[in-house]
Amino acid sequence: MASLDDELVATDRYPPVSFEERMGTVEFRVSERPHITVDSDVCRSCTTKACVHACPAKLFVPTSDGGILFNYEQCFECGTCYMVCNEAGAITWTYPDGGDGVVFRHG
Amino acid sequence: MTPRDLIAVIVTRGGTLPTGADEAVAEAGGAAVVVGTGSEDAARALVSARTVTAVETEPGVPGRLAAMLRPLIEAAAVVLLPASPDGRDLAPLLAVELDRPLFAWAARCSPSEVELVRLDHRLSIRVGLDGPAVATLAPGARGAEPVQEPSSVLPRTLNAPKERPGPDEPGKTLPADPATVDLGEARRILGGGAGLVPPDESGAQMMELLGDVARALDASAGATRVVTDAGWMDYSRQIGTTGVVVDPDLYIAFGISGAAQHTGGLGAPHHVVSVNTDPSCPMTAMADLGIVADAPAVLRELARRLGVGHEKERRTVPAALLERGSTVANERFDAVVVGAGPAGSAAALELARAGRRVALLERGPFPGSKNVYGGVVYGRILDEVVPQWWREVPVQRWITRRSTMMMTPTQSVSFDVRSQAWGGPPYNGMTTYRADFDSWLAGKAEQAGAELITSTLATELLRGGDGAITGVRTDRPDGELHAPLVIACDGVNSFLAKSAGLLPEADADHHTLGVKETLSLPRETIDERFAVSGDEGLDIEMVGCTGPIAGGGFLYTNRETVSVGVVLSLTDLAASGRRPEDLIADLKAHPSIAPLLRGAELKEYSAHLIPEGGYDHMPELATEGMLVAGDAAGMCLAAGIWLEGVNFAIGSGLAAGRTAAEALERGDTSAAGLARYRKRLSESFVLADHKRLRRAPGFVLSPRVQHRYPELVCDLVQELFTVRNPKPKPRLGGLLRRTARTKASGSPTSPATRSRG
């Protein structure tokens with residue numbers, strides 16, 4: 001079955017859109033104040049680091065020393081990261097200031 | 001008058017001369033008939049006339065007018081009319097009345113020859129005349145020179161003619177739309193030049209904004225040749241010696257330097273305002289008011305203040321809130337509604353209708369800017385917002401076809417329903433973008449009197465000495481808004497409900513993540529691929545398409561885009577190690593979906609959480625001084641074949657607004673005083689539907705529904721239609737048992753371990 005899957009992928013895949021291009025379709029009014037903060041010391045003890053793959057905007061990147069590097073600029077403000085976070089207090093998440101952040105046109 | 005003469009016929013309304021009137025009179029050598037209301041005034045206003053007959057009459061039916069004018073004009077070799085709207089109306093009727101050929105859009109005209117312009121003045125055609133004719137003259141083609149001696153004006157009254165064929169009633173006369181009115185007749189004009197288009201920005205968009213601002217000021221938009229040559233505005237809007245000659249009362253020039261070719265077409269405006277960074281440019285030099293500033297910035301600010309254009313930001317902010325750094329501590333409202341989504345706007349609307357002063361806070365730059373949904377609104381609840389809402393709601397397509405699809409990676413079985421009854425009032429489902437829909441609904445609340453304050457975040461609840469909620473603090477300087485009642489419609493992450501202790505801080509088990517791609521496809525392609533036409537649309541809900549993660553897929557058609565995406569259980573997503581956009585990619589590659597989307601381009605990627613706990617996981621809906629509605633209250637129905645949210649948000653918002661108005665009337669905004677809210681919801685579809693389907697969320701996300709049923713159904717149907725000759729067809733009963741047994745045995749399909757295919 002794996003070969004059939006591969007075949008489907010080969011014929012019906014769309015022109016690949018890079019993640020940067022994907023995020024380039026979204027308007028962000030970047031705030032000066034980060035609305036997400038991550039306590040990397042807490043993250044070091046986390047075994048799952050679900051935020052890394054669950055965040056639809058790929059804002060969380062694991063570092064070699066077991067911590068988490070994060071961005072806040074291109075955040076959808078969905079809340080997935082703190083909902084899936086294992087470790088209480090690792091991710092502090094609020095809304096950006098009024099008028100800042102994501103602006104959806106086709107939501 | 002000899003047969004070698006020309007005569008101009010000018011239709012006037014209220015004494016105003018149409019564009020090109022003087023040119024037509026000049027081309028006719030100064031002989032004219034002015035007909036209409038205020039005809040004598042209009043006749044005297046002609047600068048190129050020598051002898052004018054003024055016929056006072058209601059414009060009325062052009063056919064009768066033609067018959068009435070016949071005796072005055074039939075001796076002339078050529079009857080010439082300016083190609084103004086009235087002129088173009090009357091000319092063919094005069095041609096019929098006089099039994100002459102009509103030559104439209106002439107640049108020059110004589111008894112023996114008429115020169116016609118075609119293709120935007122690029123082609124000239126000369127036609128020899130061997131008999132009398134009627135012609136219309138293109139405005140701006142020749143200009144008009146004033147004659148020295150004053151003209152003689154002869155007022156005439158003409159008898160209405162006998163019955164004429166043609167319509168008896170005149171067509172309706174509508175006030176001109178400033179956006180399309182002939183620039184030559186516009187009283188106020190906003191002109192755009194190259195300086196209005198910042199580098200790397202879309203000139204067409206800036207000109208569109210100029211048009212929006214102009215409309216708000218009851219003015220018309222025009223442009224310089226640079227702008228029209230670039231294709232940012234139509235040539236008909238070009239002001240200047242090679243474009244339209246205008247004569248407005250007010251001319252506001254945005255980023256126009258004022259080259260002679262432009263100002264030569266300006267006439268003598270009473271007031272000229274020039275916005276330009278260069279204080280010494282000719283335009284500013286000739287202006288009554290020069291604003292030395294960046295033209296695009298001034299225009300954007302103007303748009304913002306007028307509440308037009310794409311950014312309807314801070315539209316009706318109380319004056320105190322507009323002043324930077326000023327205190328708003330004295331702003332008192334009867335109620336503060338937080339969140340201008342469907343729930344908040346509905347709540348604010350009800351309160352405003354009850355005569356209450358209500359603030360509607362929105363943290364985004366405009367309502368809907370933070371919101372994402374699958375794509376279908378079920379609109380019947382809007383009956384309570386505005387009658388015949390379907391006439392004005394910003395709709396993409398009306399859903400007349402819906403499909404439920406069960407899938408495995410290589411199979412699918414669909415249940416497909418079409419009903420044309422859903423394609424007419426009162427309709428059923430519609431696709432729309434939230435930026436459009438939410439802005440429209442918030443606009444309804446504003447019309448009712450609610451004060452919408454955008455780009456403003458409610459940061460915390462204010463409490464009185466007794467602990468009751470007394471307002472919210474905002475992120476504006478000293479931005480406290482006081483009210484005896486707060487309605488929290490601040491969405492799925494509701495920080496207000498959380499800070500009031502009504503919702504848990506984080507609850508991954510009862511939330512799903514929706515990720516969506518909006519993909520553009522030509523309208524005709526959507527019509528063909530999805531077998532819909534006109535403004536009809538399709539929605540497809542899918543199950544079994546999210547791999548190891550419990551959830552589902554969706555595909556909705558908009559006018560020129562389709563929305564496709566997946567909804568994912570947060571706990572499964574966290575455990576799976578898969579990325580959301582990869583799961584959309586898998587769905588898009590499915591053999592049943594891929595051909596539908598071939599060639600589609602990504603327009604926007606978006607994501608949002610969905611509260612899926614249902615009835616059993618809703619928070620307390622009322623506390624001291626606060627009500628909760630919409631997603632903040634978990635009022636989203638995710639029950640398999642029913643996926644609804646916006647209607648529940650509106651329904652709960654209306655109920656919250658009504659309860660709040662009653663509570664304010666009684667002066668009791670305590671939790672007990674607000675208890676009627678829950679009762680009201682229980683009696684309506686909002687809680688009744690949720691209660692009836694309280695077990696649905698758990699069932700829909702169970703491994704049975706997610707994997708076993710789709711596989712079972714797909715395999716069963718596949719076997720049913722696989723012809724295995726020479727073997728005979730299997731009995732249905734036996735097939736059912738056999739398929740069920742195959743699927744039931746084998747390793748139990750747990751979501752996390754199930755392999756694809």
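Modeller: Take contacts in chain A between residues at least 6 apart in sequence: 66% of them join residues at least 24 apart. Contact means heavy atoms within 4.5 Å. This is a predicted model: local features need pLDDT of at least 70, side-chain atom pairs count only at pLDDT 80 or more, and totals for chains, interfaces and linings use all residues. Residues are numbered from 1 along each chain as its sequence is written, chains are lettered from A and ligands numbered from 1 in the order written, and side-chain values use heavy atoms, without hydrogens or water.

Chain A has five helices and six strands. These are DSSP runs, numbered from the N terminus: helices are H or I of at least four residues, strands E of at least two. Their order is α-α-β-β-α-α-β-β-α-β-β. Of its 107 residues, 50% count as buried (under 20% relative accessible area, 1.4 Å probe, protein chains only).

Now the pair, in chain B. Helix α18 (residues 646–666) of chain B packs against helix α20 (residues 685–692) of chain B at about 130°, axes 9 Å apart. Axes are lines fitted to C-alpha atoms over the stretch in contact, and angles run from 0 to 180 degrees between N-to-C directions. So α18(B) is oblique to α20(B); that class is what remains after under 35 degrees (roughly parallel), over 145 (roughly antiparallel) and 65 to 115 (roughly perpendicular). On the α18(B) side, B:Asn647, B:Phe648, B:Gly651 and B:Ser652 make the contact. α20(B) supplies B:Phe685, B:Val686, B:Asp689 and B:His690. By class, the contact has three nonpolar, four polar and one charged residues. Here Ala, Val, Leu, Ile, Met, Phe, Trp, Tyr, Cys and Pro count as nonpolar, Asp, Glu, Lys and Arg as charged, and the others, Gly among them, as polar.
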